[in-house]
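Subject: Structure handover

Hello,

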Amino acid sequence: HFRILKGLRESSVAAYSADIRAFFAWSAGNGEAGDLGAIGRQDIERYLEWCYYQGNQGAARARKFVALRNFFRYLVYTGAIPADPTAEVPRLQYQREFMQTLNQDEVLRMFAACDIATPKGLRDAVILIMGAFTGFRVSGIWTFNVEQISDDGKDVDLVVPKTKRGAGRIVYLWKAPGMLIRQVLAMRIQAGAR
């Protein structure tokens with residue numbers, strides 16, 4: 001249901017499954033009979049309160065609630081239970097914590113530490129370009145593919161693939177970063193990289 005009808009990734013389904021199992025483990029630990037039809041709004045709220053006192057941050061509790069809400073909606077959809085116990089639970093509100101950003105001076109000092117006269121220094125500079133200009137995470141840089149480079153002979157642009165939260169985009173680079181990417185690309189192709 002989650003993979004086909006809702007279009008979730010396998011990793012999301014695995015995370016939902018773990019959260020749902022954690023709820024039922026908590027429920028069994030509190031002497032609940034395990035009858036799906038007997039679970040009510042109060043049980044969901046008590047579980048989320050328990051998660052709070054276990055030190056779960058707002059994002060973790062919100063994720064657990066979404067997993068339970070989707071699970072119980074599925075049970076209503078299949079006719080296994082008459083009503084969704086999460087329907088009356090207010091959506092969890094929490095403050096999102098944003099990553100600390102680097103200022104211009106800090107970014108320039110990191111670039112200055114790269115010796116672009118050496119292959120490793122050039123590679124490091126391109127990795128920093130990808131992080132600073134595109135906002136790629138480490139995993140995005142690690143899985144970056146040559147097809148994501150758009151080079152029309154004049155400008156070099158990076159194609160950021162679509163994520164589960166939004167559409168893909170093209171990052172237009174300045175002339176100097178584009179030249180460095182061209183150099184690394186030529187170096188990698190000469191080394192036989194795919």
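H2 and H3 are roughly antiparallel to each other, where that label covers angles over 145 degrees, roughly parallel is under 35, roughly perpendicular is 65 to 115, and the rest is oblique. The model is predicted: local features need pLDDT of at least 70 and side-chain atom pairs count only at pLDDT 80 or more, while totals for chains, interfaces and linings use all residues. Residues are numbered from 1 along each chain as its sequence is written, and side-chain values use heavy atoms, with hydrogens and water left out.

Helix H2 spans residues 41-53 and helix H3 residues 58-78; they pack at about 155 degrees with axes 10 Å apart. Axes are lines fitted to C-alpha atoms, for helices over the stretch in contact, and angles run from 0 to 180 degrees between N-to-C directions. Helices are DSSP runs (H or I, at least four residues), numbered from the N terminus. The crossing of H2 and H3 is right-handed (the near helix is turned clockwise from the far one by less than a right angle). On the H2 side Ile44, Tyr47, Leu48, Cys51 and Tyr52 are in contact with Arg61, Lys64, Phe65, Leu68 and Phe72 of H3, contact being heavy atoms within 4.5 Å. By class, this H2 with H3 contact has eight nonpolar, no polar and two charged residues (nonpolar: Ala, Val, Leu, Ile, Met, Phe, Trp, Tyr, Cys and Pro; charged: Asp, Glu, Lys and Arg; polar: the others, Gly among them).

Helix H1 (residues 10-29) and H2 have axes that come within 11 Å and cross at roughly 100 degrees, which makes H1 roughly perpendicular to H2. Asp19, Ala22, Phe23 and Trp26 of H1 meet Asp43, Ile44, Arg46, Tyr47 and Trp50 of H2.

The largest nonpolar core has 20 residues, and Phe23, Ile44, Tyr47, Leu48, Leu68 and Phe72 touch the most other members. Such a core is a set of buried Ala, Val, Leu, Ile, Met, Phe, Trp, Tyr and Cys residues joined through side-chain atoms within 4.5 Å; buried means under 20% relative accessible area, exposed over 50%, partly exposed in between (1.4 Å probe, protein chains only). H1, H2 and H3 each supply at least two residues of this core, and the largest share, six residues, comes from H3. A second, separate core of 18 residues includes Cys114, Ala125, Leu158 and Ile181.

Asn70 is found in helix H3 and is buried, at a relative accessible area of 6%. Leaving aside neighbours within four places in sequence, Asn70 is in contact with Phe2, Lys6 and Tyr16.

Regards
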